[in-house]
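Open the model in your viewer and keep the selection panel at hand. The tour goes from one selection to the next.

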Amino acid sequence: MMSTRAVGLGPIFRRAVISSKSARNQVVLRSAIARRGVQTQSLPPSASDEILNKQRLKRPSSPHFTIYQPQLTWLGSIANRATGGALSALLYGFSLAYLVAPGTFDSAHIVEFVAGLPDYIKTAGKVILAAPFAFHSWNGLRHLAWDMGKFVTVKGAYGTGYAVLGATAVSTIYLAFM
């Protein structure tokens with residue numbers, strides 16, 4: 001009869017015997033260590049929302065533009081959205097005002113009102129209207145160039161950004177004083 005040592009099974013049998021002892025010891029250790037009791041309870045959806053909102057308040061806010069150096073690219077994007085929103089609000093506001101009171105907001109009344117204003121208020125009003133219009137128009141052309149695949153490098157984006165700012169300044173001055 002061959003011995004287990006000759007076949008090479010000795011270490012396997014020894015491990016099996018040792019592991020069964022250690023398994024018994026682990027069971028004893030597990031039962032000796034105190035377990036933390038986890039209690040669950042059902043909550044209505046409003047309570048779970050309240051818990052979630054409390055957890056969200058404890059989270060740090062995501063770092064955003066308050067910690068980054070302002071860049072022309074994202075300032076231009078924000079300004080483009082703001083000017084677009086302002087011009088749209090002005091258009092819709094005037095249109096609704098004309099629908100509500102067409103006799104008050106017709107061309108003759110507006111021309112009469114503006115003619116009675118001092119020149120410095122007229123010029124300031126023109127600048128306030130011309131600057132967002134010029135910027136949004138030039139930046140729109142810049143975006144059309146990007147859509148065609150032109151100036152999409154960082155250098156190109158900054159170059160067109162400065163060109164938009166320059167064209168906006170020239171156009172605003174021209175529109176305000178014509």
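Is the crossing of α4 and α6 left-handed or right-handed? Before answering, note that this is a predicted model. Select residues 72–100 for helix α4 and residues 119–147 for helix α6. The crossing of α4 and α6 is left-handed.

Stay with this pair. The two axes come within 9 Å and cross at roughly 125°. Angles over 145 degrees would count as roughly antiparallel and those from 65 to 115 as roughly perpendicular, so α4 and α6 are oblique to each other.

Now show side chains where the two helices meet. On α4, select Gly76, Ala79, Asn80, Thr83, Gly84, Leu87 and Leu90. Their partners on α6 are Leu129, Pro132, Phe133, Phe135, His136, Asn139 and His143. By class, this contact has 7 nonpolar residues, 7 polar and no charged.

The axes of α6 and α7 come within 8 Å, with a crossing of roughly 150°. That angle is over 145 degrees, and α6 and α7 are therefore roughly antiparallel to each other. Their crossing is right-handed.

To see what joins this pair, colour the contact residues. On the α6 side they include Lys126, Ala130, Ala134, Trp138, Arg142 and Trp146. On the α7 side, Ala157, Gly161, Val164, Thr168, Ser171 and Phe177 are among them. The contact of α6 with α7 divides into 15 nonpolar, 7 polar and 2 charged residues.

The last stop is the largest pocket. Select Val114, Lys122, Gly125, Lys126 and Leu129, the lining residues that lie nearest its centre. The largest pocket holds about 500 Å³ of space and is lined by 17 residues.

Which helix gives the most to the lining? It is α6, with 7 residues. Colour the lining by class to finish: 14 residues are nonpolar, 1 is polar and 2 are charged.

Note on methods
Residues are numbered from 1 along each chain as its sequence is written. This is a predicted model: local features need pLDDT of at least 70, side-chain atom pairs count only at pLDDT 80 or more; totals for chains, interfaces and linings use all residues. Side-chain values use heavy atoms; hydrogens and water are left out. Axes are lines fitted to C-alpha atoms, for helices over the stretch in contact, and angles run from 0 to 180 degrees between N-to-C directions. Helices (H or I, at least four residues) and strands (E, at least two) are DSSP runs, numbered from the N terminus. Angles under 35 degrees count as roughly parallel, over 145 as roughly antiparallel, 65 to 115 as roughly perpendicular and the rest as oblique. A crossing is left-handed if the near helix is turned anticlockwise from the far one by less than a right angle, and right-handed if clockwise. Contact means heavy atoms within 4.5 Å. Ala, Val, Leu, Ile, Met, Phe, Trp, Tyr, Cys and Pro count as nonpolar, Asp, Glu, Lys and Arg as charged, and the others, Gly among them, as polar. On a 1 Å grid over the protein atoms alone, a cavity is a set of points where a 1.4 Å probe fits but cannot get out, and a pocket is an open set with protein on both sides within 12 Å along at least five of seven lines; lining residues have an atom within 4 Å of a point. Grid points are joined across faces, edges and corners, and a volume is the space filled by probe spheres set on the points.
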